[in-house]
Amino acid sequence: MTRECAVLLPGVCAALADPRQPGLDDTCLEKLLDWFRSLTWFDPTVELVEENPCLTELLSSVLALPDPSPGILSFTLQLAGILASSESRFQHLQQEKLLGRLFGQEGPRGSAAWEDASVRSAWLKGVHSMLHHLPALHCLCSTGGMDVIFTLQGDPSLFVASAASQLLVHLLTFSLESETSRALSTKDCDWPACAQMIVEHIKESLQSSSASHIEQSLKLLSSLFGSCFGSCYAAWTEVLWSDIAKQIESFLLEETVQAQPLLADLLLNVARSPEFCGTEGSFWALVTSALEHLTPVQAGPLAVGLLKLCKCPQDVRIQALTVLLQPMDCILRAASQPLECAGLLDESVSDPATLESLLSSKTSCAGLLCQTLTHLEKLLSLKHLRVDLPCVSLLHSLMTILQFCNGFLSPTSPLGSTISRNLINCFRVQKSALDVLAALSEKKECDTLMGSLFDVLLSYLQSPNTSPTVLKKTFQATSKWLVHLQELSSSNSQWPQTEKILEDVLVVLQKRLCSPCWEVRDSSLEFLTSMVKCLRDQKEFRQCLLSSEVLRLTENLLGDPESYVRASAVTAVGHLAPITCFAPESPVTGNQYNKESIVAKLQEILSTDSEGFPRRAVISIFTKWLREGCTGQLEDTEQFVSRIIQTVEHDLDWEVRLGGLELVEVFCSQTICQLSQCPYAPVSSAVPSSSPQNELLQVFCRAKLFGFLFGSLCDCDKPVGQRACDVLVGLRGHFYPMSTLENPQEVEDSPAGRSIAWLQRTLRQGSLAQNFPVDGDVEVDFQDPECMMLALGAIDLLELHDELNKSSDHVEESPQSLLQDILAAVGTIEDNEVDCY
């Protein structure tokens with residue numbers, strides 16, 4: 001603790017304990033506790049409380065109050081726990097008889113204050129902080145604290161109940177770590193005293209007739225096995241599991257037990273423990289039983305979790321996959337009688353009648369399918385799935401679900417008719433099915449169904465009943481399958497089929513680009529951009545695109561009334577430009593699509609659009625063009641960049657200005673590469689005598705880069721200043737080797753030196769600089785190469801870089817500032833808001 005903080009602390013403690021003072025902001029108290037946590041973490045000695053007696057006086061004063069506020073009492077409990085986290089400070093507070101009065105029966109536990117949930121939560125947090133040494137553990141067990149924690153497990157406040165459960169997990173692991181003095185024999189072991197209390201409590205609760213007690217213990221067990229306990233104490237894990245396994249098994253078999261939904265989470269956490277991974281024993285038999293007896297909704301999370309495990313037995317893994325595929329298999333079988341294609345499964349795990357009942361119900365059908373589809377999407381995203389998915393049948397099932405949802409399939413079976421009625425226009429299921437459909441595009445086995453698949457996708461793209469959100473998902477899935485189709489066509493020479501599909505997609509896209517719904521227009525433009533990114537190198541795609549009306553419609557949307565659509569149109573036009581007007585021999589004729597027309601339209605948006613989104617999109621596209629070399633020869637590019645930065649330097653949107661700096665950075669990098677013999681080598685002299693370096697400076701000055709860069713250093717939005725400084729530091733690294741920087745004193749004595757010195761002083765003011773870059777008679781010529789060379793060499797850009805990268809609150813968030821804020825706040829009754837940020 002600094003001397004300044006030690007001087008302020010007594011006044012803060014006195015104010016906190018004074019009931020006449022107004023209460024402090026909760027955020028302020030939390031920051032004060034954070035400070036004490038950091039102090040005690042690095043210094044476990046007793047000196048903190050001995051040298052600052054005001055801390056113990058604060059604890060005593062709050063205890064002496066007849067009716068302390070819940071906020072101050074909560075703060076005091078947590079502070080006491082933090083201070084008592086080391087054994088030496090714990091003993092000191094015990095000698096002062098403070099801990100018993102705070103955490104024992106005579107403390108808040110027996111008072112009216114205990115009715116406040118924040119006090120109960122603070123008591124648990126204080127105990128948790130304190131429990132880092134054995135004396136605290138023994139004190140808790142001997143004063144009835146364990147019973148309090150067991151009771152708080154069922155607290156009506158979820159925050160309190162959760163804190164109690166977390167504390168019990170900490171207690172059990174800490175007890176094993178601290179009190180186990182001999183090697184464990186799994187056949188003959190005794191739990192340490194505290195751990196024994198927790199284990200006995202768990203076993204008694206599991207055998208209780210109270211559903212809430214059973215639920216609490218299952219949650220606690222799940223947290224235990226899911227924490228480091230399961231991985232660090234493998235042998236104890238096995239002992240604990242052997243004590244409760246029979247009871248868990250009985251819950252699985254008793255269908256009336258309400259705790260069944262919690263069993264899947266518990267079993268999955270146990271399965272992750274090293275002691276059970278890869279073994280063939282009673283535990284995996286119990287997992288198999290769970291997959292059979294839990295309902296499909298309950299078994300789904302367990303199944304997908306097991307499939308992600310590396311060391312799950314193969315037979316269990318296959319059964320888990322079967323559980324996930326059962327609803328999809330049921331859909332496929334219900335769609336047609338007899339089956340037109342093979343089902344997904346040869347046999348079921350759970351009772352098929354239960355599954356059919358869930359799918360027949362309007363309320364449960366969508367929920368079960370959405371859960372199943374979400375799990376399947378997770379599996380498809382895994383790089384290494386240790387079971388084979390029946391991709392073709394799965395794709396059949398997905399297409400069936402999508403056709404049920406839009407009413408394009410009329411099944412003949414009674415179950416199929418019921419499911420179809422349940423799913424008609426069900427947006428949730430449509431979106432989930434389309435997500436899985438998109439993920440399946442990575443699988444090569446599905447090539448034979450390509451024609452049928454695109455029939456389904458096109459039916460969604462064409463249907464007026466497709467909602468905007470579902471349409472967006474359909475576009476995303478279509479984009480992925482078009483890429484797969486392109487790969488298939490290239491390898492198998494099946495282009496005629498692909499060309500027909502592309503033409504159909506583009507016809508639909510044209511209609512969607514004219515939709516009255518702005519979300520549809522926006523999604524259509526995003527889809528177009530995605531297609532161009534993936535397929536622009538394919539000659540046949542370009543031909544289909546250029547022969548359609550898509551280009552004209554897209555350009556028209558640059559003037560859309562909705563700003564999101566204008567921004568998406570800018571992005572689409574930007575990606576289309578390399579095909580339409582930047583290609584060496586552009587296949588598009590007419591003035592409508594020439595380069596000058598497109599650039600002029602985007603520049604107009606950049607300078608006149610009232611919304612930020614389209615302007616950000618334009619600067620992003622311009623940077624993309626520059627990076628890809630679409631802007632022509634150096635002279636053209638120089639003029640292009642100059643016009644852009646003169647527009648964006650006055651933009652009110654800081655992201656647009658930041659985009660302008662990215663454009664400048666790309667331009668500088670490319671120009672250096674073009675004009676320097678070695679693009680990464682600095683010049684050998686600080687004087688720009690060599691032609692390439694001199695030409696570089698002249699190009700940058702003509703483009704008016706330096707005025708933009710130095711002006712951006714004083715931008716009121718810090719990211720802009722930081723990026724500008726990065727660019728300038730990079731330029732100085734090119735023009736100056738580190739050993740040849742200008743001498744600031746010599747520069748100031750030169751004719752141009754006074755303006756450079758003024759510039760240095762102005763930049764140090766940061767965003768406070770006014771009327772930049774003119775100060776009286778001193779003006780910096782940012783287009784003079786010699787002046788700018790001096791500026792790069794003399795101005796301390798690294799110092800500016802450090803200042804810009806400092807947190808804006810590096811002073812305000814200091815402990816000293818926090819204590820000063822508290823002292824200022826407690827005396828201000830009219831305005832008690834404290835700025836602790």
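Reader: At what angle do helix H21 and helix H24 pack?
Author: This is a predicted model, in which local features need pLDDT of at least 70 and side-chain atom pairs count only at pLDDT 80 or more, while totals for chains, interfaces and linings use all residues. Residues are numbered from 1 along each chain as its sequence is written, and side-chain values use heavy atoms, leaving out hydrogens and water. H21 spans residues 362-381 and H24 residues 427-439, with their axes 9 Å apart. Between those axes (lines fitted to C-alpha atoms over the stretch in contact, with angles from 0 to 180 degrees between N-to-C directions), the angle is about 20 degrees.

Reader: Is H21 roughly parallel or roughly antiparallel to H24?
Author: The two helices pack at an angle of about 20 degrees. Angles under 35 degrees count as roughly parallel and those over 145 as roughly antiparallel, with 65 to 115 roughly perpendicular and the rest oblique. H21 is therefore, relative to H24, roughly parallel.

Reader: Happy with that! How many residues of the contact of H21 with H24 are nonpolar?
Author: H21 brings residues including Leu369, Cys370, Leu373 and Leu376 to the contact (heavy atoms within 4.5 Å), and H24 brings Val429, Ala433 and Val436 among others. Two residues of this contact are polar and three are charged (Asp, Glu, Lys or Arg). The nonpolar ones (Ala, Val, Leu, Ile, Met, Phe, Trp, Tyr, Cys and Pro; the others, Gly among them, are polar) number 10.

Reader: Are arginine 657 and aspartate 715 buried or exposed?
Author: Their side chains meet in a salt bridge at 2.7 Å, N to O. Arginine 657 is in helix H35 and aspartate 715 in the loop between helices H37 and H38, so the pair ties together parts 58 residues apart in sequence. Both residues are buried.

Reader: How far apart are the axes of helix H5 and helix H8?
Author: H5 (residues 70-83) and H8 (residues 117-130) pack at an angle of about 10 degrees, and they are therefore roughly parallel. Leu73, Leu77 and Ile82 are among the H5 residues that meet H8, where the residues include Val119, Ala122 and Trp123. The separation of the axes is 7 Å.

Reader: Zooming out, how many helices does the protein have?
Author: Of the 837 residues, 52% count as buried. Helices (H or I, at least four residues) and strands (E, at least two) are DSSP runs, numbered from the N terminus. The protein has two strands, and its helices number 43.

Notes
Salt bridge = Lys/Arg side-chain N within 4 Å of Asp/Glu carboxyl O. Buried < 20%, exposed > 50% of the residue type's maximum accessible area, 1.4 Å probe, protein only.
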